[in-house]
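Please look at the sequence and structure, then read on.

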Amino acid sequence: MSAWNPKAVRASAGSVFRVPLLTVSAEDGFARLKQSGVKILTTAVHGAKPAHQIDLAGPVALLIGNEGNGVPEELARQAGGAVTIPCPGPVESLNASVAASVLLYEASRQRGGHR
């Protein structure tokens, strides 16, 4: 999806015009993140550590998949770990934007932004 897609621009509340945007291939993006010491985590429903048990206080890149298919396997394999958001009851997964928001909140909480 393009960052300039009308839905993406609207969902960003205009932040797409204020935050630097870098467009690279997946291969180059992963290489740059790893070279810079950024921890890469994929989201997963099963076989992942709960978000509150993972150190999100440092530089981290989160791979967020879509609701139907999750993160594509070829991308998930390049991550250094997997994170999940524990959901009680019969909930299988969250909307991608909700999941991203919860994980960003947890990272902010761990970094001292919320007590």
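Q: Which side chain is joined to that of Glu106 by a polar contact of 2.6 Å?
A: This is a predicted model. Glu106 lies in helix α4 (residues 96-110). At 2.6 Å, the polar contact links the Glu106 side chain to that of Arg109.

Q: Does Glu106 count as buried or exposed?
A: Buried means under 20% relative accessible area. Glu106 has 10% relative accessibility, so Glu106 counts as buried.

Q: Are the rings of Trp4 and Phe17 stacked, edge-to-face or tilted?
A: The count of aromatic pairs comes to one. The ring centres of Trp4 and Phe17 are 5.8 Å apart. Planes under 30 degrees apart count as stacked and over 60 as edge-to-face. The planes here are at 35°, so the pair is tilted.

Q: How many residues apart in sequence are the parts that this pair ties together?
A: Trp4 lies in the segment before α1 (6-11). Phe17 lies in the loop between α1 and α2 (26-35). The pair therefore ties together parts whose separation in sequence is 13 residues.

Q: Is Phe17 buried or exposed?
A: The cut-off for exposed is over 50% relative accessible area. Phe17 has 60% relative accessibility, so Phe17 counts as exposed.

Q: What is the area of the nonpolar surface patch that includes Phe17?
A: Trp4 and Leu21 make this patch together with Phe17. Its area is about 380 Å².

Q: Which element has the lowest mean pLDDT?
A: The protein chain has a mean pLDDT of 89, and 97% of its residues reach 70 or more. Strand β1 (residues 39-43) has the highest mean among the elements, 97. The lowest, 84, belongs to α1.

Notes. Residues are numbered from 1 along each chain as its sequence is written. This is a predicted model: local features need pLDDT of at least 70, side-chain atom pairs count only at pLDDT 80 or more; totals for chains, interfaces and linings use all residues. Side-chain values use heavy atoms; hydrogens and water are left out. Rings of Phe, Tyr and Trp (its six-membered ring) pair if their centres lie within 6.5 Å; planes under 30 degrees apart count as stacked, over 60 as edge-to-face and the rest as tilted. Helices (H or I, at least four residues) and strands (E, at least two) are DSSP runs, numbered from the N terminus. Buried means under 20% relative accessible area, exposed over 50%, partly exposed in between (1.4 Å probe, protein chains only). pLDDT is the predictor's confidence in each residue, from 0 to 100. Patches are made of residues with over 30% relative accessible area and no salt bridge: like charges are joined within 9 Å, nonpolar side chains (Val, Leu, Ile, Met, Phe, Trp, Tyr) within 5 Å. Accessible areas come from the Shrake-Rupley method with a 1.4 Å probe; for residues, only the protein chains shown count as cover. A salt bridge is a side-chain nitrogen of Lys or Arg within 4 Å of a carboxyl oxygen of Asp or Glu. A polar contact is a pair of N or O atoms within 3.5 Å; within protein, one must be able to donate a hydrogen and the other to accept it, and residues adjacent in sequence count only if both atoms are side-chain atoms.
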